[in-house]
Amino acid sequence: MQNLLRKKTLHLKISLLIFLAVLSPLAITFYLSLNPILSFIIGGGVTLLGITLSFWLFKPLDKLIKSTWDFSDGNLNRRIDIRSGDEFEEVGNAFNLMAQKLSQTFSKLASDREIAISERNKINEILSSIIDGIIAVDFNKNIMLINKAAQELTGYTQEEVFGKPIDSIVHLYAEQEEILPKNYCQGSFNKSANLVGKMGRQTKVNLMTTTVDGQVQTNLGCILILHDLSKEEELERMKLDFVSMASHELKTPLTSIIGYLSVFLNENRKKITKEELELLDKAFVAARQLQTLIQNLLNVNKIEREQLAVSPEPTDYMDILSKSVEDLKAQASQKNILLTLVTPQSPLPKVLADSIRTGEVITNLLANAINYTSPGGKVDVFTQTSPNEITTVVSDTGLGIPKEAIPHLFSKFFRVSNQVQKGGKGTGLGLYIAKSIIEKLNGKIWVESELGKGSKFYFTLPLLSQTRGMLNSDKFAAQSIQAGSLNY
């Protein structure tokens, strides 16, 4: 009840003011007929009283208006001190409460803003420190963010690209065909590409993308990660140059060593003791192994530079098989392994092949089979002829290859590292070179193996009748001379 009366106080004051305003003319009219001077005094007094009451009554309103203007100017700490005991005091208290809550809200917003700015700065620092280029685009494929690495790759700054379509800034090409945002912003994407940026600047990159699902509020559609491959390619070229130079420098003196040892052994085999002969034989074998390693490194170098050429010509394939098997029979006999070339029932048709390179492939497969076959085992070589190609199979009863290693078997420097094959020697280059040679001859190579049950290596060569119209042996011979593939 007290609060209700308090809220009506202003009403009573205004009613009193209105009552005086109405009563004054009546009083003046009444006393005017009796005494004009008294009427004038009463009227003046009533008017003065009314003005005083008006100023007193609306003084809190003046405070409220001034405080409101101060508050609107940003002075959130402004408070009103009204103690009129009426509705103006209630409004003043409500204003103070509102000002307090707004001040707290703005303080919290300011604090949150500082935190957000701090977090944004942290993210920017993290993005700037990442060596890969990162570009974020919205659902409309417009650029939202580009980090420092991406700016260096493209040549553009954040201000130049913000809000612009990515396909107007960054152009990516794979094998002369442009990769469009509609392709690389659809799910995960991973591919090497040539990036063309500002002023036609080109950089080899690996493009990886990922889409951001369910982020409607952030309008983040796709993130691009650009890994610069140019420096890696430069390092790879430097490595290849070093390997090539070192291999050539080693090849010349090693050839001399092998030649001198060979001559010395042929002329003095019966003149020296058994122990001395054994030591010289070991030295000769080690030198030949080193020569093979150097030749493999040179071949790998040519493959990496795409300079490994072949010289296909009509070839009697049985001669190549026979020679390769004959060359390794002594090595097989030393391990008590039966090496057999299964003669086909009918003569083999001619193939278009490089006899030297094909012999390298067969020799490598046979050497591996002998190396990984236990004494008492056997290695068989046979062929299968179809209308389009000849398939050569090198089968052994050796240790076999683990299933998980098969997909990597023809990779450079890969070696099987299971317990049963720890004794095997090799650099992991032979099968890599064999695969490259066979593919250049338009063939295929693969393996079937089961651990503990031996392995079967297969490779195909096209028949001469199938390749006569496709390949020109004179052309390939000329290319191989230009590429230096005959530099044995």
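**A first tour**

Guide: Let's begin with the second largest pocket, which holds about 310 Å³ of space. Keep in mind that this is a predicted model.

Visitor: How many residues line the second largest pocket, and which lie nearest its centre?
Guide: The lining has 16 residues, and I131, A149, E152, D228 and K231 are the ones nearest the centre. Two or more lining residues come from each of helix 5 (148-154), strand 7 (222-228) and helix 8 (230-268).

Visitor: Which element gives the most to that lining?
Guide: That would be helix 5, which supplies 4 residues.

Visitor: And what classes of residue does the lining have?
Guide: There are 7 charged, 5 nonpolar and 4 polar residues in the lining of the second largest pocket.

Visitor: Let's zoom out. How many helices and strands are in the chain?
Guide: The protein chain has 14 helices and 14 strands. Of its 488 residues, 36% are buried.

Visitor: How many residues are in the largest nonpolar core?
Guide: The largest nonpolar core has 46 residues, and Y317, L366 and F459 have the most contacts inside it. Helix 10 (residues 317-334) is the element that gives the most to this core, with 7 residues.

Visitor: Pick L366. What is it in contact with?
Guide: Setting aside neighbours within four places in sequence, L366 is in contact with S324, V325, L328, L339, V379, V381 and V394. There is also a second, separate core of 24 residues, and I143, V170, L195 and C222 are among its members.

Visitor: Now helix 12. Why is it described as largely enclosed?
Guide: Helix 12 (residues 430-440) is largely enclosed by the rest of the structure because 8 of its 11 residues are buried. Those buried residues are G430, L431, Y432, I433, A434, S436, I437 and I438.

Visitor: What covers them?
Guide: The cover for the buried residues of helix 12 includes helix 9 (274-304), helix 11 (355-371), strand 13 (445-449) and strand 14 (455-462).

Visitor: Which residue with a positive phi follows helix 12?
Guide: N442 follows helix 12, and its phi is near 65 degrees, positive even though N442 is a residue other than glycine. Most residues other than glycine have a negative phi. You'll find N442 in the loop between helix 12 and strand 13. N442 counts as partly exposed because its relative accessibility is 41%.

Visitor: What is the phi of K141?
Guide: K141 has a positive phi of about 65 degrees, and K141 is not a glycine either. K141 sits in the loop between strand 1 and strand 2 (143-146). With 26% relative accessibility, K141 counts as partly exposed.

Visitor: Where is Q202, and is it buried or exposed?
Guide: Q202 is in strand 6 (residues 202-211). At 54% relative accessibility, Q202 counts as exposed, since the cut-off for exposed is over 50%. Leaving out residues up to four places away in sequence, Q202 touches N194, L195 and V196. L195 is one of the residues in the second core.

Visitor: One last stop: where is P387?
Guide: P387 is in the loop between strand 11 (378-385) and strand 12 (389-396). P387 is exposed, at 67% relative accessible area. P387 and P462 are 75 residues apart along the chain, and their C-alpha atoms are separated by 9.3 Å.

Visitor: Great, thanks for the tour!

Terms used
Residues numbered from 1 in each chain as written. Predicted model: local features only at pLDDT ≥ 70, side-chain atom pairs only at ≥ 80, totals over all residues. Heavy atoms only, no water. 1 Å grid on protein atoms, 1.4 Å probe; cavity = no way out; pocket = protein on both sides within 12 Å on 5 of 7 lines; lining within 4 Å. Points joined across faces, edges and corners; volume = space filled by probe spheres on them. Nonpolar A, V, L, I, M, F, W, Y, C, P; charged D, E, K, R; others polar. Core = buried A, V, L, I, M, F, W, Y, C linked by side-chain atoms within 4.5 Å. Buried < 20%, exposed > 50% of the residue type's maximum accessible area, 1.4 Å probe, protein only. Contact = heavy atoms within 4.5 Å.
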